[in-house]
Amino acid sequence: MHHSKKLINSVEHCVDDALNGLVAWNVGMQLVEGYRIVVRSDLDNIKGKVAVLSGGGSGHEPTHAGYVGAGMLSGCIAGDVFTSPPTGNISAAIRAMARAGAAGVLLIFNNYTGDQLNFGLALEEMKIERISVEMITVGDDCAFTTQRKTGRRGLCGAILMLKIAGAMSEMGMSLDEIVLKLKSTLSKVGTLGICLSPCSVPGSKPTFNLEMDELELGMGIRGEIGIERIKIMPADEIIQKMIDHMTNPTNESHLRIQAGDHIVLIVNNLGGLSCLELNIVAGSAIKYLESKQVFIERAYVGSYTTSLEMGGTSLSMMHVDPELLKLLDMPTSAPGWANVSRRNLVRKCRTLSVPHLEPDHRDTPPGSGPFVDKVRSILDMVCTTLLQMEEELNELDREAGDGDCGSTHPSRTCWHLMQFLAMVISSYCASGD
């Protein structure tokens, strides 16, 4: 199997190039020279407030650097692709926050062994330097029915913790208050992923193989093994299976969901799912949750925590109250949290009924007579021939056209065909036959 194609300059510098690119188009961010640390451009504004830091392996964009901005992360530390950042970089980021006058530093990261080790070592180092630091580890994976020694993996639900912490920091709340709120909120969030096609780390082969008719339930965002491989099925059934597994009380890592509960929902693109499919998935999830009388206070649909180009999606749910909703709704300049919904999904009707949109002459009976009958027979013959040539037309259009012929047949191609038919009919009439 060949290495997959990547639009990069080099494997060695792809992470640095990506960070430089992110900072190039976001004036609210800067890179700390000599480190893979992205910080807010307005670090002066964190003086007297809690600095919120996160980080982890690259390849999950916009997690984590895309969440740097006022109202979310003060800074972030990036590692190599799918690799925890080194302790030295984490310590340097904490020192940068302390020098900016932060009233304590909060580290939030996902539950992976490398991150636990490196962030934990940095925390101990900071204690020696008398810098006030706390850490929160997020494990929101609902995949495994029995608890594992390493605990639950951190997935897309972690971004809700970043948003809550960033909003509380912006409000001037203390480090202890933010830690207390996050610890009480961690048990309210759950995530489950599904994968249709693998990703590949730059310079490497795909991380695993899936058959054409298979998908894997419970995948990790670094390509870690899931819990079950199943045959492909309609989106509605897949999403129901995911939500059932996430909320099944016999699953030790389940999220308890009952009729009348108020939640926020994240429908996350793992990187390689088309936007068309993501909307189908969102519709399936909303329909199924609403059928269970669950109130969806906010729905966030998009790419929030990806896994390079992995074809798949994850669903995250979190129980919310008015206080949490207020924190989630607070503004942030972070580009990864742009244009999110601030409204619930409750409304009278999702469809608009507009009467009399059909043309007024629809009741006019079709003409008859020898000419009309001849034209109808010609059109029948032409249409039948075109339908028989569908594959051939598709192939011709791929080679020489703009992809709008063959089975798609939109208006422009139809217009060309109608012009052709008009010519045929005109010449037929002129011949007097």
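This tour moves through a predicted model, naming at each stop what to select and what is found there.

Six strands form it, in the order 1-2-4-3-5-6, and their pairing is mixed. Next, colour strand 1 (29-31) and strand 6 (133-138), which stand at the edges. Each of these two has a single partner strand, so one side of each is left without a neighbour in the sheet. Viewed as a whole, the sheet has neighbouring strands turned by 25° against each other on average, direction ignored.

**From strand 1 to strand 2**

Select strand 1 together with strand 2 (residues 37-40). The two pair in the antiparallel sense over three bridges. For one example of this pairing, pick Met29 and find its bridge partner in strand 2, Arg40. Then follow the chain through the hairpin of strand 1 and strand 2, which has five residues between the strands. In this hairpin Gly34 takes a positive phi near 85°.

Return to strand 1 and select Leu31. Is Leu31 buried, partly exposed or exposed? Its relative accessibility is 29%, and Leu31 therefore counts as partly exposed. Show the residues around Leu31 as well: with neighbours within four places in sequence left aside, Leu31 is in contact with Leu19, Asn20, Val23, Ile37 and Val38. Leu31 and Gly75 are 44 residues apart along the chain, yet their C-alpha atoms are separated by 9.5 Å.

**Towards strand 4 and strand 3**

Strand 2 and strand 4 run antiparallel and are joined by three bridges. On moving to strand 3 (residues 51-58), the sense is parallel: strand 3 and strand 4 (residues 75-81) pair over five bridges. Select Gly55 to see one of the residues concerned; its bridge partner in strand 4 is Ile77.

Next, display helix 3 (residues 113-128), which packs on the sheet. Helix 3 touches strand 3, strand 4, strand 5 (105-110) and strand 6. The direction of helix 3 makes about 170° with that of strand 6.

**Two crossing helices**

Which residues make the contact? From helix 4, show Leu160, Lys163, Ile164, Ala167 and Met168; from helix 8, show Leu324, Leu327 and Leu328. By class, this contact of helix 4 with helix 8 has seven nonpolar residues, one charged residue and no polar residues.

Select the cysteines next. A disulfide is a covalent bond between the sulfur atoms of two cysteines. The count of disulfides in this model is zero. Cys195 is in no disulfide, and its nearest cysteine sulfur, that of Cys199, is 7.6 Å away. With a relative accessibility of 0%, Cys195 counts as buried. Cys142 is likewise buried, with a relative accessible area of 0%.

Is Glu214 buried or exposed? At 17% relative accessibility, Glu214 counts as buried. Leaving aside neighbours within four places in sequence, Glu214 is in contact with Leu196, Arg229 and Ile230.

Note on methods:
Residues are numbered from 1 along each chain as its sequence is written. This is a predicted model: local features need pLDDT of at least 70, side-chain atom pairs count only at pLDDT 80 or more; totals for chains, interfaces and linings use all residues. Side-chain values use heavy atoms; hydrogens and water are left out. Contact means heavy atoms within 4.5 Å. Helices (H or I, at least four residues) and strands (E, at least two) are DSSP runs, numbered from the N terminus. Ala, Val, Leu, Ile, Met, Phe, Trp, Tyr, Cys and Pro count as nonpolar, Asp, Glu, Lys and Arg as charged, and the others, Gly among them, as polar. A disulfide is a pair of cysteine sulfur atoms within 2.5 Å. Buried means under 20% relative accessible area, exposed over 50%, partly exposed in between (1.4 Å probe, protein chains only). Two strands pair if DSSP finds at least two bridges between them. Axes are lines fitted to C-alpha atoms, for helices over the stretch in contact, and angles run from 0 to 180 degrees between N-to-C directions.
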